[in-house]
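Please keep the viewer open as you read.

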Amino acid sequence: MLTAVGPIRLARWHGRCEPCGQVGFAADRLLGIDGRLTVRARRMACLAGLHDPFRKAQRLLAELAGWSVGAEALRRYTHAEAAAAAGGRAERTALPEAFARAAGEQELHIDAGKVNTPEGWRDVKVAVFACRQRGPAATADDYEQRELPAPAARSVVAAVEDSGAFGGRCAAEAQRLGVCASRLSVLGDGAEWIWNLAVAWFFAAVRLLDVYHALEHLAAAGRQALGEGAALTAWLAAARRSLVGDGYCGVCEVLARPLDDAEATGRLAAAAGGVLNYFAGHRDRLGYAARLRRGQVIGSGLVEGTIKERVNLRLKRTGARWQARRVGPFVELLAQSDGPEWAEYWAAQAA
């Protein structure tokens, strides 16, 4: 047997049940033995396989624990635990209890990343439910300097599937957590599938376009008009204040405002049409000023961070290819590996 402190030799009787004819080691159930690894060893193997490529995890465990477990075995153990954790999500209570205790704002951040599968590159959709206290009040001039409290509770769902199925997955998780749509804020980038999902499954929720995605579109128009340099920096500062302070009206104002140079004004006018069309589709999702006064979040950083730190760093390694059905459970377990559900899952395995 391979344990958390290294291999041990285990001797026990091999028996045969006369009534049913089954053979095996009867003591295994009492000893908690299921396969070659103990529960604690499986947890260590899974943790290593989640955060590092399996060959690197193999070397790491050999150096730190003196283990002899192949990369392929680590891959099988990690995917098996991820699938089991995803399958038993409905029975676990740690996160619903954490959301019930947590005071503050309920948030749902939605985005998608790319993962390489045998069928080619596909979207892995990720949703992060969170509950956190409001931060300090801020304005369009100083909101980037404020520090928001960390979420008191957080849950991640992920899957490679169409937006309709993913919306149902999000709704089921919201029901499990006790999240109420009328108290919920949905934050995301400009992708239409996100807002269709929000309307279909969380109609009563407040919907907000991530402020940094919004600023990227204004910045594109500014670069087309002014190029790079001090003039662009000054224009972007004014554009940010107008967008965050006055929403769609502020966007219209800043794009219509003449620049010092007539040619630059013409270039800005040429770029304005596409930018205004973009913001017209989100005009009801630009309520930044009121949320800043209340100390609420205006960016979808939780899901952006999950995709950058979890999906991109772990799943998009050179040459990596993933079965689509395994991506969602893997991402969920990877994102939750430092949370209460991870501890609850392994406590149940040990019991």
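A residue is called buried under 20% relative accessible area, exposed over 50% and partly exposed in between, using a 1.4 Å probe and protein chains only. This is a predicted model, in which local features need pLDDT of at least 70 and side-chain atom pairs count only at pLDDT 80 or more, while totals for chains, interfaces and linings use all residues. Residues are numbered from 1 along each chain as its sequence is written, and side-chain values use heavy atoms, leaving out hydrogens and water.

**Around Gln-106**

Because its relative accessible area is 5%, Gln-106 counts as buried. Gln-106 belongs to strand 5 (residues 105-117); strands (E, at least two residues) and helices (H or I, at least four) are DSSP runs numbered from the N terminus. Contact means heavy atoms within 4.5 Å. Beyond its neighbours within four places in sequence, Gln-106 is in contact with residues including Ala-130, Cys-131, Cys-180 and Ser-185. The Gln-106 side chain also reaches the backbone nitrogen of Cys-180 at 3.2 Å.

**The sheet**

Two strands pair if DSSP finds at least two bridges between them. Strand 5 and strand 8 (residues 184-188) run parallel and are joined by 5 bridges; in strand 8, Ser-185 is the bridge partner of Glu-107.

Helix 5 (residues 94-101) has Ala-94, Leu-95, Pro-96, Ala-98 and Phe-99 as its buried residues. Their cover includes strand 6, strand 7, helix 6, helix 13 and helix 14 (340-350).

**The nonpolar cores**

A nonpolar core is a set of buried Ala, Val, Leu, Ile, Met, Phe, Trp, Tyr and Cys residues joined through side-chain atoms within 4.5 Å. Which members of the largest core touch the most others? Among its 59 residues, they are Leu-218, Leu-255, Phe-279 and Tyr-288. Helix 9 (residues 230-256) gives the most to this core, with 8 residues. Another core, of 43 residues, lies apart from it and includes Trp-67 and Leu-333.

Notes: Polar contact = N/O pair within 3.5 Å; in protein donor to acceptor, adjacent residues only side chain to side chain.
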